[in-house]
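Student: Can you walk me through the pockets and salt bridges here? Keep it short.
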Amino acid sequence: GCHDRAVLLYEYVGKRIVDLQHTEVPDAYRGRGIAKHLAKAALDFVVEEDLRAHLTCWYIQKYVKENPLPQYLERLQP
């Protein structure tokens, strides 16, 4: 089931816009930086694929605030 793995839920909401909706890490694995890796991988994918991102996920919003890299900021969709 999905309770034993870390996930990042997303959905394409336009041809070039992805909504990063939710990250979840099982309790047994929290505190190890896994959500941080998921957030970075998702944002790096957005950059590499020249997409725009809408950040519904509070954790990814926090990650961008703590890592305000220009390549992330310029791709954010309100």
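This is a predicted model: local features need pLDDT of at least 70, side-chain atom pairs count only at pLDDT 80 or more; totals for chains, interfaces and linings use all residues.
Tutor: We'll take the pocket, then the cavity, then the salt bridges.

Student: What's the volume of the largest pocket?

Tutor: The largest pocket holds about 150 Å³ of space.

Student: Which elements supply its lining?

Tutor: Three of them give at least two residues each: β1 (7-12), β2 (17-24) and α1 (34-48). The biggest share of the pocket lining comes from α1, with five residues.

Student: Which residues are they, over the whole lining?

Tutor: Leu8, Tyr10, Tyr12, Val18, Leu20, Leu38, Ala41, Ala42, Phe45 and Val46.

Student: Which residues form a nonpolar patch on the surface?

Tutor: Tyr10, Tyr12 and Phe45 do. Together they have about 330 Å² of accessible area. Tyr10, Tyr12 and Phe45 are also among the residues lining the largest pocket.

Student: Where does Phe45 sit?

Tutor: Phe45 is in helix α1.

Student: And why does Phe45 count as partly exposed?

Tutor: Because its relative accessibility is 36%. The partly exposed class runs between the buried limit, under 20%, and the exposed limit, over 50%.

Student: Switching to cavities. How many of 30 Å³ or more?

Tutor: The structure holds one. The largest cavity has a volume of about 30 Å³.

Student: What lines that largest cavity?

Tutor: Leu43, Val46, Val47, Ala53, Gln71, Tyr72, Arg75 and Leu76. Val46 is also listed in the lining of the largest pocket.

Student: Which helices contribute to the cavity lining?

Tutor: α1 and α3 (70-73) each supply at least two residues. Here too α1 gives the most, with three residues.

Student: How does the cavity lining split by class?

Tutor: Six nonpolar, one polar and one charged.

Student: Arg75 is in that lining. Is Arg75 buried or exposed?

Tutor: Arg75 is buried, because its relative accessible area is 15%.

Student: What does the Arg75 side chain meet in a salt bridge?

Tutor: The side chain of Glu74, at 2.8 Å, N to O. There is also a network of salt bridges that links Asp50, Glu74 and Arg75.

Student: How many salt bridges does the count come to?

Tutor: Six.

Student: Which residue forms a salt bridge with Glu66?

Tutor: Lys62 does, with the closest N and O atoms 3.5 Å apart.

Student: How far apart are Glu66 and Lys62 in the helix?

Tutor: They are four residues apart in helix α2 (residues 58-66), so about one helical turn separates them.

Student: Recap the pocket and the cavity for me?

Tutor: The largest pocket holds about 150 Å³, and its lining has no polar and no charged residues. The largest cavity has a volume of about 30 Å³, and its lining includes one polar and one charged residue. α1 gives the most to the pocket lining and the most to the cavity lining.

Conventions: Residues are numbered from 1 along each chain as its sequence is written. Side-chain values use heavy atoms; hydrogens and water are left out. On a 1 Å grid over the protein atoms alone, a cavity is a set of points where a 1.4 Å probe fits but cannot get out, and a pocket is an open set with protein on both sides within 12 Å along at least five of seven lines; lining residues have an atom within 4 Å of a point. Grid points are joined across faces, edges and corners, and a volume is the space filled by probe spheres set on the points. Ala, Val, Leu, Ile, Met, Phe, Trp, Tyr, Cys and Pro count as nonpolar, Asp, Glu, Lys and Arg as charged, and the others, Gly among them, as polar. Patches are made of residues with over 30% relative accessible area and no salt bridge: like charges are joined within 9 Å, nonpolar side chains (Val, Leu, Ile, Met, Phe, Trp, Tyr) within 5 Å. Accessible areas come from the Shrake-Rupley method with a 1.4 Å probe; for residues, only the protein chains shown count as cover. A salt bridge is a side-chain nitrogen of Lys or Arg within 4 Å of a carboxyl oxygen of Asp or Glu. Buried means under 20% relative accessible area, exposed over 50%, partly exposed in between (1.4 Å probe, protein chains only).
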